[in-house]
Amino acid sequence: MRGVVLSSGDRAGRLRRELGRFDRRVWLLFGAMLAFRFGQGLYYPFSTIYFHNVVGIPLSLVGVGLAALSAAAVVSGFVSGPLADRYGRKPLMVVALSGSAFTFGAFAFVQGFYGYLLVSIVAGLAGHGMFDAARNAMVADVTEAHLRARAYGIIRVGANVGWALGPAVAGLVAAAYDTGGVYRALFLATGGLMAVVLVSLALLVRESLPAPEDAATMRAAPAAGLRAALADWPFVLFLGCCVLLYYVFTQNWQALPVYSKNFLGLPDWQIGLFLSGNGVMVILLQLPIALALDRHRSKVASLIVAAALFAASSVTLLLTESFWGVLLAFAGFFTLAEMVLEVAGAAAAADLAPAKWRGTYMALFGTCWGVAYGVSPIVSGVLLDAALPALIWWLQLGAVSLAALGLALLARKERRGCGAGTPGGGGAEGV
């Protein structure tokens, strides 16, 4: 028995030493993401239901608003990356959090489609896309290449502690009051929480921009990073594959709550439960998965596994209409795929990026989410309006198949010694 106790103590000591290897800013961003995602969890799961069922906007036009948000986020990504490389990561996070605080509050006062569209555009220009790009660049700045998957995993655990709580709280509150006014109160609460995160980061987080000598080229020619990234064809192919994977990722978050409520007849508390199940799974498994990814040489091969898991989720949704089937598809296969995509994708993008252009590369990686989010809600909205939900899952299977093909090409190039996602690549410079 004594040997078992010592073995457990040794494991705990190794865990403490492992966690101590990360910069203080990683832990500050862990806390910030916990609060940030809790606020988003109060808003996103029921936003489509609110705008469609309460405000009266057709699902297809809700998808148009989401597409406008995503298009604005893509534009923001092309601008915010060079700005983060020139002026720093922290100023961009402050701007993004200010925009988030304003727009989440403004959504509570939307009266129709055009107001919804305008606020969505502002949210895309200065919102979570800009924040995530600057945050990812800061994590890469302060973390050695062989630890990055774990660093991104730590941030995601914080994010999903918040996400596990947010939808559950929102679902319980919505079920208890069952009025349109409760959704507006949740949106205002989200805006207030964004303001709290803004003040906290402004006071506590120190800038991580590489030393002036590392960023001299970018300061002299801000567009040079964009030109370099867009001329880097393995990176561009990598971005295309990530867009296809994020198509599935972004679509299910928007489509499944409405599909479950309006087609399967699931109550709000069950919707909140399977959404929260996603967060619980990430809390339990994200760090072990991140550790496995750090030990695996090829982040690209890991993304092929993510594509297979997304496919399993889509097949499950084609075969079942029960709550337990949705739970397996979303909190099971989908969540495992998400954990690999979010960590391996960010780590691979950071590995590819030269230190002086890291903000630009990470911002372009962030646009994958925006591009996918600009398409997937429109597709799902049109198909749900047409009562053809099965086509949503068939299209997802096509998207992940194409992504797996592209990633296989990258993995083959990687095996020849010059591919994407190799640890110790351009992103290790200047760390």
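Modeller: Happy to! Let's start with helix α6, residues 128-142, whose 15 residues reach 21 Å from the first C-alpha to the last, close to the 21 Å expected at 1.5 Å a residue. Please keep in mind that this is a predicted model. Helix α6 is mostly covered, with 13 of its 15 residues buried.

From here we can turn to the charged pairs. The structure holds 10 salt bridges. One of them joins the side chains of R89 and D85, at 2.9 Å from N to O. Both R89 and D85 are buried. Another salt bridge links D294 with R150, and their closest N and O atoms are 2.7 Å apart. D294 sits in helix α12 (residues 268-295) and R150 in helix α7 (residues 148-177), so this pair ties together parts that are 144 residues apart in sequence. D294 counts as buried because its relative accessibility is 12%, under the 20% cut-off. R150 also has 12% relative accessibility and counts as buried. Coming back to R89 and D85, salt bridges that share partners join D85, R89, D141 and R358 into one network.

R25 counts as buried at 9% relative accessibility, whereas D23, at 21%, counts as partly exposed. D23 has another contact to show you: one of its side-chain oxygens reaches to within 2.8 Å of the backbone nitrogen of R25, at the start of α2. Helix α2 itself covers residues 24-54 and has 31 residues, reaching 44 Å from its first C-alpha to its last, close to the 45 Å expected at 1.5 Å a residue. Follow α2 along and you will find a kink of about 55° centred on F46. Just after α2, G56 takes a positive phi of about 95°.

V75, F78, V79, L83, Y87, I121, L125, L230 and V236 make a nonpolar patch of about 750 Å². The elements giving two or more residues to this patch are α3 (59-87) and α5 (113-125), and α3 provides the largest share, five residues. V236 belongs to helix α11, residues 233-262, and is partly exposed, with a relative accessible area of 36%.

Conventions: Residues numbered from 1 in each chain as written. Predicted model: local features only at pLDDT ≥ 70, side-chain atom pairs only at ≥ 80, totals over all residues. Heavy atoms only, no water. Helix = DSSP H or I, 4+ residues; strand = E, 2+ residues; numbered from the N terminus. Expected span 1.5 Å × (residues − 1). Bend = angle between axes of the 7 residues up to and from the residue. Polar contact = N/O pair within 3.5 Å; in protein donor to acceptor, adjacent residues only side chain to side chain. Patch = residues over 30% accessible without salt bridge, like charges linked within 9 Å, V, L, I, M, F, W, Y side chains within 5 Å. Areas by Shrake-Rupley, 256 points an atom, 1.4 Å probe, with all protein chains shown as cover. Salt bridge = Lys/Arg side-chain N within 4 Å of Asp/Glu carboxyl O. Buried < 20%, exposed > 50% of the residue type's maximum accessible area, 1.4 Å probe, protein only.
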